[in-house]
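Here is a short briefing to read beside the sequence and the structure.

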Amino acid sequence: MLHRLDLTGICISTGSACDSVNTRISHVIKAMGLPDEYAKGTVRISLGRDNTQKEVRIIAETITDVLKKQIMR
């Protein structure tokens with residue numbers, strides 16, 4: 001997912017914004033009670049006030065397209 005989105009110019013992360021060195025499951029994700037196998041597959045998408053609704057829509061559509069292509073394999 002990271003690589004495919006990066007190829008489209010969308011940057012996401014698998015880790016916490018405040019601890020980008022560690023690859024441990026985020027304490028926030030753990031607090032949500034997700035099983036580890038799901039928690040290890042989470043991604044972080046950071047948005048700011050300068051992001052537009054169009055950009056958010058493009059990100060959502062691109063993630064959906066990537067997942068659909070992965071499922072079709």
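Helix H4 covers residues 53–72, which makes 20 residues. At 1.5 Å a residue, H4 should span 28 Å, and its end C-alpha atoms are 28 Å apart, so the two values agree. The model is predicted.

- The buried residues of H4 are Ile59, Thr62, Ile63 and Val66.
- These residues cover an arc of only 100° around the axis, which puts them on the same side of H4.
- An α-helix has 3.6 residues a turn, so residues three or four places apart point the same way.
- H1 is included in what covers the buried residues of H4.
- Which exposed residues sit on the face of H4 turned away from its buried side? That face carries Gln53, Lys54, Lys68, Ile71 and Met72.

**The chain as a whole**

- The protein chain has four helices and zero strands.
- Along the sequence, the pattern reads α-α-α-α.
- The protein chain has 73 residues, and 18% of them are buried.
- Take the contacts between residues at least 6 apart in sequence: 61% of them join residues at least 24 apart.

- Leucine 2 belongs to helix H1, which covers residues 2–7.
- Is leucine 2 buried or partly exposed? Its relative accessible area is 35%, so leucine 2 is partly exposed. The buried class ends under 20%, and the exposed class begins over 50%.

**The loop between H1 and H2**

- Serine 13 lies in the loop between H1 and helix H2, and H2 covers 27–31.
- Serine 13 counts as buried because its relative accessibility is 18%, and the cut-off for buried is under 20%.
- Arginine 24 is placed in the loop between H1 and H2. With a relative accessible area of 60%, arginine 24 is exposed.
- Arginine 24 and threonine 14 are ten residues apart in sequence. Their C-alpha atoms are 9.5 Å apart in space.
- Serine 26 is also found in the loop between H1 and H2. Its relative accessible area is 22%, so serine 26 is partly exposed.
- How far apart are the C-alpha atoms of serine 26 and alanine 39? They are separated by 8.2 Å, and the two residues are 13 residues apart along the chain.

Definitions and conventions. Residues numbered from 1 in each chain as written. Predicted model: local features only at pLDDT ≥ 70, side-chain atom pairs only at ≥ 80, totals over all residues. Heavy atoms only, no water. Helix = DSSP H or I, 4+ residues; strand = E, 2+ residues; numbered from the N terminus. Buried < 20%, exposed > 50% of the residue type's maximum accessible area, 1.4 Å probe, protein only. Expected span 1.5 Å × (residues − 1). Arc of directions from axis to C-beta. Contact = heavy atoms within 4.5 Å.
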